[in-house]
Amino acid sequence: MAKKAKKRKYSRSSGDDVKSEMHRFKKGTAKSGRGGKGGKVKSRKQAIAIGLSKARKKGKKVPKKKS
């Protein structure tokens, strides 16, 4: 019997946004806040959250933020 394809929660392209934000974090240029006016991003979790937020703003398939 063929394996059933699992439905993706995140689009593949949203991973690119997270990947680029992680790269900026590792380089030390990632900023939190609007327009990059905030402070330096200090944790990996924060960098991932910023990447997912950017993906949401672009309209990519990303689950809603838990509040």
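Tutor: We will go through the helices, their packing and some single residues.

Student: What kind of model is this, and how are residues numbered?

Tutor: The model is predicted, so local features need pLDDT of at least 70, side-chain atom pairs count only at pLDDT 80 or more, and totals for chains, interfaces and linings use all residues. Residues are numbered from 1 along each chain as its sequence is written, and side-chain values use heavy atoms, with hydrogens and water left out.

Student: What counts as a helix, and what span should helix H2 have?

Tutor: Helices are DSSP runs of H or I, at least four residues, numbered from the N terminus. The expected span is 1.5 Å times one less than the number of residues. H2 covers residues 44–57, 14 residues, so it should span 20 Å. Its end C-alpha atoms are 20 Å apart, which agrees.

Student: Which residues of H2 are buried?

Tutor: Start with the general idea. An α-helix has 3.6 residues a turn, so residues three or four places apart point the same way. Now the cut-offs: buried means under 20% relative accessible area, exposed over 50%, and partly exposed in between (1.4 Å probe, protein chains only). In H2, the buried residues are Ala 47, Ile 50, Gly 51, Leu 52 and Ala 55. They pack against helix H1, residues 12–27. Just after H2, Gly 59 has a positive phi of about 85 degrees.

Student: How is the packing of H1 and H2 described?

Tutor: Two packed helices are described by the angle between their axes and the distance between the axes. Axes are lines fitted to C-alpha atoms, for helices over the stretch in contact, and angles run from 0 to 180 degrees between N-to-C directions. Here the angle is about 140 degrees, and the axes of H1 and H2 are 8 Å apart. That makes H1 oblique to H2. The cut-offs: under 35 degrees is roughly parallel, over 145 roughly antiparallel, 65 to 115 roughly perpendicular, and the rest oblique.

Student: Which residues make the contact?

Tutor: Contact means heavy atoms within 4.5 Å. From H1 come Ser 14, Asp 17, Val 18, Glu 21, Met 22, Arg 24, Phe 25 and Lys 26. From H2 come Arg 44, Ala 47, Ile 48, Ile 50, Gly 51, Leu 52, Lys 54 and Ala 55.

Student: Is Gly 51 buried or exposed?

Tutor: Gly 51, in helix H2, is buried, with a relative accessible area of 0%. Leaving aside neighbours within four places in sequence, Gly 51 is in contact with Asp 17, Val 18 and Glu 21. Gly 51 and Ser 20 are 31 residues apart in sequence, yet 7.6 Å apart in space, C-alpha to C-alpha.

Student: What about Ser 14: buried or exposed?

Tutor: Ser 14 lies in H1. At 2% relative accessibility, Ser 14 counts as buried. Not counting residues up to four places away in sequence, Ser 14 touches Ala 55, Lys 60, Lys 61 and Val 62.

Student: Which class does Lys 19 fall in, buried or exposed?

Tutor: Lys 19, also in H1, is exposed, at 62% relative accessible area. The C-alpha atoms of Lys 19 and Gly 51 are separated by 7.6 Å.

Student: And where is Thr 29?

Tutor: Thr 29 is in the loop between H1 and H2. At 40% relative accessibility, Thr 29 counts as partly exposed. Thr 29 and Val 41 are 8.2 Å apart, C-alpha to C-alpha.

Notes. Helix = DSSP H or I, 4+ residues; strand = E, 2+ residues; numbered from the N terminus.
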